[in-house]
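Student: I would like to go through this structure term by term. For each label, please set the value against its definition.

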Amino acid sequence: MPVATAVLEVIAEPTRRRLLDAVRDGERSVSELVEMVGMPQPGVSRHLKVLRDAGLVDVRRDAQRRLYRLRPEPLMEIDAWLEPY
């Protein structure tokens, strides 16, 4: 499956798009994302794992917190794939 198609499948889910919007401008902790998205932490963590596995977010540890940030490269691949259309 082409990378662009796999990424499109991942971002088809509205909560994942909201999480991407939340990390678009900088790093966010899981607790910030829980508050922004308005769903329980286990659900947010499951969506973040899918986004991480697809290469759409990076995570780094800061003591006890995990900070997530956007990785734009997969989205740039979608942009390049869509360009001919």
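Tutor: Start with Asp 79, which lies in helix 5 (residues 73-82); helices here are DSSP runs of H or I with at least four residues, strands are E runs with at least two, and both are numbered from the N terminus. The model is predicted, so local features need pLDDT of at least 70 and side-chain atom pairs count only at pLDDT 80 or more, while totals for chains, interfaces and linings use all residues. Residues are numbered from 1 along each chain as its sequence is written, and side-chain values use heavy atoms, with hydrogens and water left out.

Student: Why does Asp 79 count as exposed?

Tutor: Buried means under 20% relative accessible area, exposed means over 50%, and partly exposed is in between (1.4 Å probe, protein chains only). Asp 79 has 56% relative accessibility, so Asp 79 counts as exposed. The C-alpha atoms of Asp 79 and Ala 4 are 8.7 Å apart, although 75 residues separate them along the chain.

Student: What makes Glu 35 exposed?

Tutor: Glu 35, in helix 3, has a relative accessible area of 69%, so Glu 35 is exposed.

Student: Why are helix 3 and helix 4 called roughly perpendicular?

Tutor: Axes are lines fitted to C-alpha atoms, for helices over the stretch in contact, and angles run from 0 to 180 degrees between N-to-C directions. Under 35 degrees counts as roughly parallel, over 145 as roughly antiparallel, 65 to 115 as roughly perpendicular, and the rest as oblique. Helix 3 (residues 30-37) and helix 4 (residues 41-53) cross at roughly 105°, their axes coming within 9 Å. Helix 3 and helix 4 are therefore roughly perpendicular.

Student: Which residues of helix 3 and helix 4 meet?

Tutor: Contact means heavy atoms within 4.5 Å. Val 30, Leu 33 and Val 34 of helix 3 meet Gln 41, Val 44, Ser 45 and Leu 48 of helix 4.

Student: How do you know that helix 2 and helix 4 are roughly perpendicular?

Tutor: The axes of helix 2 and helix 4 cross at roughly 80° and come within 10 Å. The two helices are therefore roughly perpendicular to each other. On helix 2 the contact uses Thr 15, Arg 16, Leu 19 and Leu 20, and on helix 4 it uses Val 44, His 47, Leu 48, Val 50 and Leu 51.

Student: What makes strand 2 and strand 3 a pair?

Tutor: Two strands pair if DSSP finds at least two bridges between them. Strand 2 and strand 3 run antiparallel and are joined by six bridges; in one of the bridges, Arg 61 is partnered by Arg 66 in strand 3. These strands form a hairpin with two residues between them, and Ala 63 in the turn has a positive phi of about 60°.

Student: Why do strand 1 and strand 2 stand at the edges?

Tutor: The open sheet has three strands in the order 1-3-2, with antiparallel pairing. Strand 1 (28-29) and strand 2 (57-62) each have a single partner strand, so one side of each is left without a neighbour in the sheet. Strand 1 pairs with strand 3 (residues 65-70) over two bridges, and the bridge partner of Arg 28 is Tyr 68.
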